[in-house]
Amino acid sequence: MSDKQTRCGVVAVLGAPNAGKSTLVNQLVGQKVAITSAKAQTTRARMMGIALDGDTQMILVDTPGIFAPKRRLDRAMVSAAWEGAEAADAVLLLVDPIKQRRHELEPLIEQIASRPERKILVLNKVDAAKKEPLLALAQELGGKVDFADIYFVSALTGDGVPEMKAALAAMMPEGPWMYPEDQVSDASERLLATEITREQLYQQLHEELPYDSAVRPEKYIQRKDGSVEIHQQIVVMRDNQRAIVLGKGGSRIKAIGEAARKELTELLGQKVHLFLHVKTDERWSEDKEMFEEMGLEWKS
């Protein structure tokens, strides 16, 4: 590193479920770290991306979508989201101007309005939204919260993201970097591996499998030949869900495992042997140990 003064800070990425937070984090980092899925509430563990902009390092806290929590699992996700925002140097509120999801956006607006951090409003999906309603929405939300900046971006195409990234970098305080230059995520590889499998589970089963499933890390063994052996357990609540995950003659779980293995091989840069098995446990979401494995805090 040169003698130039470095900057380092934390950016909390907030937004209603499905606003595109994970996609935006991946754009800012320049590679995939947070899992992306078309289903809401897929970010359970608090995944962090690390984005670099010149001499600035930004720790991106990609928070779970904040929504009205009913079950203990939901409460733990919400709690993780706000903890992610508390230590932040800037809060980025990402809004989908097309879906808006007002019932989830309004509580967020109320909660961040009084927060002390610098706040940035980012309106996503400019590639698909109409200009006039977009500007009207920016004006309306800007009237409710004192945003330092408002940006119009497309998290999917990257349009407008470099300008926003530079503005975020300028908000970061001077200080040494928290992570080595080549590190993009602090999520342990074990946890990252379960997230990748869970993403495949959702992508391949879409509406068939509700949020009653989890992926548990069992074994993570570095083999002498330089490859890694990963064992994971997919937990569902009911036997009929187990049958859905397995598929006819085990075809579905094989396809899920194959897609996850390919992605993990690319991500970890080593050969991956992935072993998946499915277990039914109707009370898994009340299991304290499982929460801790998923990087969440147990809330009684």
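Let's start with how the chain folds back on itself: among contacts (heavy atoms within 4.5 Å) between residues at least 6 apart in sequence, 73% join residues at least 24 apart. What you're looking at is a predicted model, where local features need pLDDT of at least 70, side-chain atom pairs count only at pLDDT 80 or more, and totals for chains, interfaces and linings use all residues. Residues are numbered from 1 along each chain as its sequence is written, and side-chain values use heavy atoms, with hydrogens and water left out.

Now the overall picture. The protein chain has nine helices and nine strands; these are DSSP runs numbered from the N terminus, with helices being H or I of at least four residues and strands E of at least two. Of its 300 residues, 54% are buried, where buried means under 20% relative accessible area, exposed means over 50%, and partly exposed is in between (1.4 Å probe, protein chains only).

What does β4 pair with? Two strands pair if DSSP finds at least two bridges between them. Strand β1 (residues 7–15) runs parallel to β4 and is joined to it by five bridges, with valine 11 standing opposite alanine 90. Strand β5 (residues 118–123) is also parallel to β4, joined by six bridges, and here alanine 90 stands opposite arginine 118.

At 24% relative accessibility, lysine 125 counts as partly exposed.

Next, have a look at an open sheet of three strands, in the order β7-β8-β9 with mixed pairing. Its edge strands are β7 and β9 (272–280), each pairing on one side only. Neighbouring strands in this sheet are turned by 15° against each other on average, direction ignored. Strand β8 (residues 228–236) and β9 run parallel and share nine bridges, one place to look being valine 235, which stands opposite lysine 279 in β9.

Two helices lie across this sheet. Helix α7 (residues 239–246) lies across β8 and β9, at about 155° to β9, while α8 lies across β7, β8 and β9, at about 140° to β9. For these angles, axes are lines fitted to C-alpha atoms, for helices over the stretch in contact, and angles run from 0 to 180 degrees between N-to-C directions.

Helix α8 (residues 251–268) also meets α6 (residues 189–205): their axes come within 9 Å and cross at roughly 135°. The two are therefore oblique to each other, the label for angles that are not under 35 degrees (roughly parallel), over 145 (roughly antiparallel) or 65 to 115 (roughly perpendicular). Residues of α6 in this contact include Leu192, Ile196 and Leu201, and those of α8 include Ala255, Ile256 and Leu264.

Finally, glutamate 208 sits in the loop between α6 and β7 (214–222). With a relative accessible area of 46%, glutamate 208 is partly exposed. Its C-alpha atom is separated by 8.2 Å from that of glutamine 241, 33 residues apart along the chain.
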